[in-house]
Amino acid sequence: MTKQPSATLTPLAMSALALLEERPMHPYEMYQLLLQRREDYIVKIRPGSLYHTVTRLAEQNLVHAEGTNRAGNRPERTTYGITEAGRTALRTRIAEILRKPVNEYPIFPVAMSEAHDLPAGEVIALLTERIGWLDTHIAEMDAVLAFLPVKGVPRRYWMVMEYLRAQADSEATWLRRIVRELRDGTLEWEQYTPEGVRITDATDDFGPDWGAAVTDDVLAQLRKGGVLPAEQ
């Protein structure tokens with residue numbers, strides 16, 4: 001029995017369907033084309049994962065095999081094309097993502113939320129190194145963004161690079177402020193011994209339990225722009 005399409009397409013599945021929307025091709029050609037187009041800026045691309053994704057799409061009747069071919073001593077390759085159900089699923093998923101922000105749960109905010117478990121000096125060094133990586137990435141994107149218009153590539157194909165660049169620049173700017181505030185003491189931090197052992201002290205503030213103060217009622221009032229009494 002043919003499986004019904006999944007409610008959610010993975011990023012790699014979306015990329016695969018988008019390629020097949022252009023023309024039928026086999027998974028290895030898809031893999032090469034994704035790398036050539038620098039799609040690895042936005043999607044994690046691995047040959048095994050791509051083959052598995054295409055197989056899943058075929059099981060869901062979102063793509064179909066159009067034929068096989070063999071070149072020389074190379075393994076036989078199956079060419080796939082997109083189905084009407086696949087085209088509908090792709091367009092629906094694109095619309096869903098464009099319409100409403102969702103929490104994608106990236107890992108960096110997790111590390112930042114627990115950064116207080118490290119001494120301030122170490123955090124400063126680590127974030128400074130991260131800023132360096134971001135600056136390098138931004139410079140690379142700036143070069144690409146300057147190059148593409150000269151080559152006459154329509155902006156609709158690479159406007160996502162502008163988004164990625166703005167995102168990286170915003171992060172670097174915020175991190176520079178955090179580093180500056182850690183250095184001058186504006187951002188209060190956990191105290192550690194020279195051996196790196198945290199010095200604990202009893203305080204009445206919420207600390208890591210700050211979320212407990214933001215109840216559903218409080219959040220509803222904040223969304224309305226209400227001013228909360230200090231005791232709340």
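Predicted model: local features only at pLDDT ≥ 70, side-chain atom pairs only at ≥ 80, totals over all residues.
Local features were considered at pLDDT of at least 70 and side-chain atom pairs at pLDDT 80 or more, whereas totals for chains, interfaces and linings use all residues. Residues are numbered from 1 along each chain as its sequence is written, and side-chain values use heavy atoms, without hydrogens and water.

A search of the whole structure gave 1 aromatic pair. The ring centres of Tyr28 and Tyr31 lie 6.4 Å apart with the planes at 35°, so the pair is classed as tilted (rings of Phe, Tyr and Trp, the latter by its six-membered ring, pair if their centres are within 6.5 Å; planes under 30 degrees apart are stacked, over 60 edge-to-face and the rest tilted). Tyr28 and Tyr31 are 3 residues apart in helix 2 (residues 27-36), a separation of about one helical turn. Helices are DSSP runs of H or I with at least four residues, strands are runs of E with at least two, and both are numbered from the N terminus. Tyr28 is partly exposed, at a relative accessible area of 32% (buried is under 20%, exposed over 50%, partly exposed in between, with a 1.4 Å probe and protein chains only).

Two residues other than glycine have a positive phi. Arg38, in the loop between helix 2 and helix 3 (47-59), has a phi of about 60° and is exposed, with a relative accessible area of 56%. Asn61 has a phi of about 65° and lies in the loop between helix 3 and strand 1 (63-69); its relative accessibility of 39% makes Asn61 partly exposed. Most residues other than glycine have a negative phi.
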